[in-house]
Amino acid sequence: MAIDTATDVFEEHRPVLMGVAYRMLGRVADAEDVVQDAWLRWSGVDRSKVREPRGYLVRVTTRLAIDRLRQVQSRNEAYVGPWLPEPYVTDFGDTVADTAERAVLADSVSLAVLVVLESLSPLERAVFVLREAFGYPYADIAAVLDRGEPAVRQLAGRARKHVEERRPRYEVDPTERRDLTERFLAAAAEGDLEGLMSLLAPDVRLVGDSGGLAQAPLRVLDSADKVGRFIIGVAKKGVPDLSFRFLEINGGFAALTLSAGKPDSVFQVDVADGRIQCLYIMRNPEKLASLPTE
């Protein structure tokens, strides 16, 4: 196989490899490193002996991601304040035509699910990602992980039960999410506490991720009063040369705020019963650096 053909084959499968690696790691830079390492393995292997390029590349990427995950898990133990996955711009475009498949992919990359996945073991996380997000048969997952199929089924059952027990249940209506996000930002900008409170569920949660590098709560805020007053207090301080850009991040509508054209924060909400149930604010500048600003 000529090198240009090898490159074409790899690029064809890159979106899937990046999807697997990011769901495994929750970090864009780490996922990109893993995919690059997979390319090095692919470029050096005797490709005439590779019958299924996609299967080979997913196997290599998954194993590399497991190794990377084991290396970086200690990061979160020393992380300052709540931890959220690095914002990942998702745009399935024409690559996923089926609405049900699109919904599964969007849910599997959502912030709520990725936060829960952090509590799984690397093997459990790999099985969950390959099975639930990408629909791989158990036999194929067993081959990827070099495990017996019964063991893989057991890992899958444990992982699924863990995720189902801990993941919050929110409605996913893109139009409603966008509407509430825009109304929330407008009320905050106007300092309208009453208007803000009308959008928040009584037990709304605010999860702010700054890594200690920007202003954000160091604990999860868990009531409408606390969340509303915090947001109004931040809004009163203002952001220099403020502007907004709306993106699809982690499978859902989100607002990127810019200060003098540079990423300042990402806002995303989860919605149920017409109210904001959870508000995610990502302000760690290291996690925002790769977001598009135009």
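## A tour of the aromatic rings

Let's begin by selecting Phe10: with a relative accessibility of 1%, Phe10 counts as buried (that means under 20% relative accessible area, with exposed over 50% and partly exposed in between, using a 1.4 Å probe and protein chains only). Before going on, note that this is a predicted model, where local features need pLDDT of at least 70, side-chain atom pairs count only at pLDDT 80 or more, and totals for chains, interfaces and linings use all residues. Residues are numbered from 1 along each chain as its sequence is written, and side-chain values use heavy atoms, leaving out hydrogens and water.

(Helices, H or I with at least four residues, and strands, E with at least two, are DSSP runs numbered from the N terminus.) Both Phe184 and Phe267 are buried.

Next stop, charges over rings. Select Arg131 and you'll see it over the face of Tyr138, 4.1 Å from the ring centre. (For this, NZ of Lys or CZ of Arg must be within 6 Å of the ring centre and within 35 degrees of the ring normal.) Then go to Trp42: the charged end of Arg47 sits over its ring, 5.7 Å from the centre.
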